[in-house]
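Please look at the model shown here before reading on.

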Amino acid sequence: MVLNMGPQHPSTHGVLRVLLELDGENVVTAVPDLGYLHTGIEKSCEDKTYSQAITLTDRMDYLNPLGNNLVYCLAVEKLLGLEIPKRAQYIRVMMVELQRISSHLVWLGTHALDMGAMSVMLYCFREREEVLKIFERFAGQRMMTSYIRIGGLALEPPAGWREMVKRFLAMMPARIDEYEELLTNNRIWQGRLKGVGRLPAETLIAMSTTGPGLRAAGVAFDNRKAFPYSSYEEFEFNVPTRTESDCFARYLVRVQEMRESLKIVRQAMDKITDQGAIRSEAPGVVPPQREKMKTEMEALIYHFKIFTEGFSPPPGEVYVPVESPRGELGCFIASDGSPKPLRVHFRGPSFVNLQALPLMVKGQLIADTVASIGTIDIVLGEVDR
Amino acid sequence: MPQLADANASVVIERLRAWNPGCIAQIIEYRGETTIVVPHKLLLAVAKQCKEDPALNFNQLSDATCVDRFPNEPRFELNYQLLSIPRLARIRLRTSVSGQQPVIDSLEPLWPGANWMEREIFDLFGIRFEGHTDLRRILLPDEFEGSPLRRDFPVEGKR
């Protein structure tokens with residue numbers, strides 16, 4: 001029998017359609033069908049100046065907008081050969097790590113909901129709300145922040161931000177314990193996840209899988225360690241791994257990653273000084289300060305040029321990989337020396353990781369398909385772009 | 001040979017030259033990233049060498065994408081980002097594809113993960129991949145006409 005799952009199925013977390021060929025309760029083949037959320041972001045980027053495209057990146061992986069901002073800005077900064085002040089780099093690290101926690105919280109809550117544990121979602125969203133409040137204070141926006149800009153950050157951290165982040169850091173470890181109490185030793189949770197969606201590490205590598213899915217198979221590959229960006233080499237944290245490579249191992253890896261992220265946020269907070277630049281000095285690329293615009297003619301000219309014509313990086317191509325909550329998020333930009341990019345391509349980890357789904361669910365029960373889709377942790381906005 | 005800033009890239013170039021002196025058409029260095037330009041016909045062989053040579057061991061294909069240089073000819077450039085997880089090294093392979101005959105060997109036999117990446121390029125640029133097991137549109141509906149990421153396709157779509 002052929003069963004059509006989605007695109008409006010609640011456990012596909014968006015609009016994924018999977019065609020399941022069944023033999024009784026078992027899946028013979030699964031064929032994912034994508035594109036219901038295709039918005040042509042890569043094409044739109046080609047018609048915008050480099051700085052205009054930042055708001056589009058927010059909308060790809062909508063659980064990780066700061067990470068998307070970061071990868072795009074890092075790529076453009078690499079094209080320009082721009083150095084970013086340390087203070088801005090640390091703030092960036094702090095923000096994307098908070099984002100990683102909030103993204104994993106949404107994953108945990110919705111995945112538990114799929115598996116029938118209703119209440120966990122309420123707990124997870126309670127803490128996620130706290131992260132979003134921090135973002136709102138920093139950027140004025142809860143989700144589509146566009147906070148990270150080319151050359152630095154959009155705004156100075158708000159007054160009282162330290163207390164806010166400190167409160168979150170003090171609260172969070174106990175809350176993660178709470179989720180673990182609810183789930184880790186829960187027999188139903190274990191029964192639904194253990195031994196489900198198992199794939200060997202070699203297969204995952206060959207299928208280009210990255211992120212928690214690969215680390216749950218015993219491969220300690222993390223771009224933050226392997227190819228440090230934004231001063232990650234100065235931070236101390238572990239890369240949690242498991243060896244079972246099933247859905248339960250992926251769950252444990254993600255929970256552990258939240259704890260590691262808290263460590264990084266704490267270190268970043270200590271490194272961020274109260275005074276210092278949040279943008280690099282790059283006339284013609286980074287908008288000048290408001291006061292300078294009123295007193296210096298050059299600043300006014302630069303401001304006008306940036307917002308009308310944009311700036312032109314030298315011709316060439318760069319590929320920048322970062323570690324998003326879902327795996328390797330890459331940004332490839334080709335410049336032809338004009339103020340608009342010739343090509344912008346995002347290597348979305350959701351898109352690539354989803355490829356392994358047919359292998360994961362082959363021969364398994366239909367109910368386990370839901371568990372496998374869940375632990376791949378896809379965001380359809382990024383799959384379809 | 002000119003000294004490259006990236007020690008890994010020097011190893012790759014050395015090993016590839018030792019294997020087949022004609023397999024590298026050009027080496028581009030830009031902002032610390034090295035791109036090895038490969039002749040169109042040799043792409044699959046070079047990729048195979050990169051994967052199977054134990055000193056290179058590029059066991060994962062991170063990304064594959066295309067750049068359209070319209071109206072230049074050959075207009076398409078394919079960029080493959082290779083990653084070696086054991087060696088923690090990256091390299092980019094590039095080859096060009098002509099606009100009249102947009103066909104190239106698929107890398108799916110080497111890295112099954114190339115499947116969807118190549119389908120995406122096929123879908124959005126209209127480049128065909130020889131040896132691909134399932135070359136269908138992936139993001140756009142099957143009845144869509146044209147290749148929207150080509151430079152001569154209007155941003156606002158065709159009316």
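Two strands are said to pair if DSSP finds at least two bridges between them, and the strands themselves (E, at least two residues), like the helices (H or I, at least four residues), are DSSP runs numbered from the N terminus. What follows describes a predicted model, in which local features need pLDDT of at least 70 and side-chain atom pairs count only at pLDDT 80 or more, while totals for chains, interfaces and linings use all residues. Residues are numbered from 1 along each chain as its sequence is written, chains are lettered from A and ligands numbered from 1 in the order in which they are written, and side-chain values use heavy atoms, with hydrogens and water left out.

In chain A, strand 6 and strand 7 (residues 327–335) run antiparallel and are joined by nine bridges, and A:Val322 stands opposite A:Leu329 in strand 7 of chain A. The two strands form a hairpin, with two residues between them. Nine of the nine residues of strand 6 (residues 316–324) of chain A are buried, so this strand is largely enclosed by the rest of the structure; buried here means under 20% relative accessible area, exposed means over 50%, and partly exposed lies in between (1.4 Å probe, protein chains only). From this strand, A:Gly316, A:Val318, A:Val320, A:Val322 and A:Ser324 point one way, whereas A:Glu317, A:Tyr319, A:Pro321 and A:Glu323 point the other way, and all are buried.

The next topic is the interface. With contact taken as heavy atoms within 4.5 Å, 44 residues of chain B are in contact with 48 residues of chain A. Chain B and chain A bury about 3,800 Å² between them, 57% of it on carbon and sulfur atoms, where buried area is the accessible area (1.4 Å probe) that two parts lose on being put together, summed over both. On the chain B side, B:Tyr30, B:Trp116 and B:Leu139 lose the most area to chain A, together 19% of what that side buries.

Between chain B and chain A there are six salt bridges, a salt bridge being a side-chain nitrogen of Lys or Arg within 4 Å of a carboxyl oxygen of Asp or Glu. A:Arg385 forms a salt bridge with B:Glu120, and the closest N and O atoms are 3.2 Å apart. The side of chain B that touches chain A receives two or more residues from each of strand 3 (60–68), strand 4 (76–84), strand 5 (89–97) and helix 3 (114–125) of chain B, and strand 3 of chain B gives the most, with nine residues.

The loop between strand 3 and strand 4 of chain B holds B:Pro71 and also B:Pro74. The peptide bond from B:Phe70 to B:Pro71 is cis, with omega near 5°, and the bond from B:Glu73 to B:Pro74 is cis as well, with omega near -5°. Most residues other than glycine have a negative phi, and most peptide bonds are trans.

Chain A has residues with a positive phi that are not glycine. A:Ser208, with a phi of about 70°, is placed in the loop between helix 8 (201–206) and helix 9 (212–215) of chain A, and counts as buried at 0% relative accessibility. A:Asp377, with phi near 60°, lies in the loop between helix 16 (366–376) and helix 17 (380–384) of chain A, and is buried with a relative accessible area of 3%.
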